[in-house]
Each structure stands twice: as C-alpha cells, then as structure tokens.
Amino acid sequence: MPLFSSTRERRLWTALLIVLAAIYATLGNAPAIAAMLREHVDLTETMVLLSLVGLVAISILFVRRRPGRAELAVGLGIVIVYMMAWLRIGVASPEERTHLFEYSLVAALVHEALLERRENGRRVPAPAILALIISVLLGWLDEGIQSLLPNRVYDLMDVAFNALAATMIIGSRWILSFVRRKVAARKRGS
C-alpha cells in the first residue's frame, strides 16, 4: 500500500514540510530579522496585513467549492475573531503574534491532509483532534529547537500561542464544515 492515499495528500504533506522548514530555518535569525523589519517598516501594520492575507489564502486554499452566503458569513466571523485575538494579545510583541498565522497554516495543512487521507478510504480516527495534537507537538518542537539556540529561549507562552492558533483554525474549519452540512441538508430537504 502506498504511503499517501492520493497526489493531493502527498502535496499537502509536502507543503507542510516546506512551511515547517521555513519556520524552523528562521528560528536562529528571528531576532535579527525582527530588528531589521522594525527599523525599516511599521512591523505591527505589516504583520496585520500579512496575517489578513494569510487568512484569506488559507480560506481560499482549503475551500473546494464556491461558498454560499452562510459560509461567507461564518468565514467573515472567523476573520473577525482572528483579528480580535491578534489585537487582544497585548502582552506579545508583533513577532510573537505571527504564531497565530504560522501555526494556523501548519494546523490547516495537517487537518486537510488527514481529511484527504480519510476521504480516500484510509483509517484516520478523529481527524480534527489528531490534527490538533500533531500541530501542538510541531509547535512544541519549535520551542524545543529554540531552547538549543544560543540567542533564543524556550517559552511556554509561545507553546500556548501555537496551540491557540491550531485550535482556532481547526475549530474554524470544523464550524465551516458544520455550516456546509446544514446548508446542504436544508437544500436536500426543500
């Protein structure tokens, strides 16, 4: 039996590896990169813009069909929740807030890959919970790597940000899926 259930699943896992490589590869240089950006760019505005673009990209990347009004309304609500979370994390620096985007993307890729695997007949128990566990562990690995770097520290708050991001995106995707099922059931019933 092949390792992947489809070409799409293989692409999703490959995309995850690329994202993780990018995240992990910048860990040692993150303070220098952030300092350079702070010097030349308003980092808060840039991060807000990048996060919005990222959320739109995540939404587009994982929508398989044209969304209806109910789905668009829920999607808008999710974007608003993300923005409120972004703004309310006042104790965090803008760089730390990027965890919301980074680990949302990680969790969305893991979740989508697991769903694709299940749709193709492979056994995947509780894909949302499994995706959350995998994503949290990958975020924890991020912090573990940082503890080994001379200019970085292990920070439980960052682990919490990573877990929050994973929970938010997987919860958002579950809510969107629930709304899709309800709308489809209503259309079949009428």
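Which backbone oxygen does the side chain of Arg 152 reach? The side chain of Arg 152 reaches the backbone oxygen of Leu 27, at 2.5 Å, a polar contact (a pair of N or O atoms within 3.5 Å; within protein, one must be able to donate a hydrogen and the other to accept it, and residues adjacent in sequence count only if both atoms are side-chain atoms).

The model is predicted: local features need pLDDT of at least 70 and side-chain atom pairs count only at pLDDT 80 or more, while totals for chains, interfaces and linings use all residues. Residues are numbered from 1 along each chain as its sequence is written, and side-chain values use heavy atoms, with hydrogens and water left out.

## Overall architecture

The protein chain has 7 helices and 0 strands; helices (H or I, at least four residues) and strands (E, at least two) are DSSP runs, numbered from the N terminus. Of the 190 residues in the protein chain, 37% are buried, where buried means under 20% relative accessible area, exposed over 50%, and partly exposed in between (1.4 Å probe, protein chains only). Among contacts (heavy atoms within 4.5 Å) between residues at least 6 apart in sequence, 78% join residues at least 24 apart.

## The nonpolar core

A nonpolar core is a set of buried Ala, Val, Leu, Ile, Met, Phe, Trp, Tyr and Cys residues joined through side-chain atoms within 4.5 Å. The largest one here has 30 residues, and Leu 16, Tyr 24, Val 106, Val 110 and Leu 138 have the most contacts inside it. At least two residues of this core come from each of helices H1 (7–25), H4 (69–88), H5 (94–119), H6 (127–148) and H7 (156–189). H5 supplies the largest share, 10 residues. Leaving aside residues up to four places away in sequence, Leu 138 touches Leu 16, Leu 20, Tyr 24, Tyr 103, Val 106 and Val 110.

H7 has 34 residues and reaches 49 Å from its first C-alpha to its last, close to the 50 Å expected at 1.5 Å a residue; the expected span is 1.5 Å times one less than the number of residues. At the start of H7, a side-chain oxygen of Asp 155 comes to within 3.0 Å of the backbone nitrogen of Met 157.

Arg 152 lies in the loop between H6 and H7. Arg 152 is buried yet has no salt bridge, and the nearest side chain of opposite charge, that of Asp 158, is 5.2 Å away. For charge, Lys and Arg count as positive and Asp and Glu as negative; His and the chain ends are not counted.

## Salt bridges

A salt bridge is a side-chain nitrogen of Lys or Arg within 4 Å of a carboxyl oxygen of Asp or Glu. The count comes to 4 salt bridges, including those tabulated here.

| Residue | Partner | Closest N to O |
|---|---|---|
| Glu 116 | Arg 8 | 3.0 Å |
| Arg 173 | Glu 112 | 2.3 Å |

Glu 116 in H5 and Arg 8 in H1 are 108 residues apart. Glu 116 counts as buried because its relative accessibility is 8%, whereas Arg 8, at 28%, counts as partly exposed. Arg 117 in H5 and Glu 9 in H1 are likewise 108 residues apart, and Glu 9 is buried, with a relative accessible area of 1%.

The pair of Arg 173 in H7 and Glu 112 in H5 spans 61 residues. Arg 173 counts as buried at 13% relative accessibility, and Glu 112 counts as buried at 3%. Salt bridges that share partners join Arg 8, Glu 112, Glu 116 and Arg 173 into one network.
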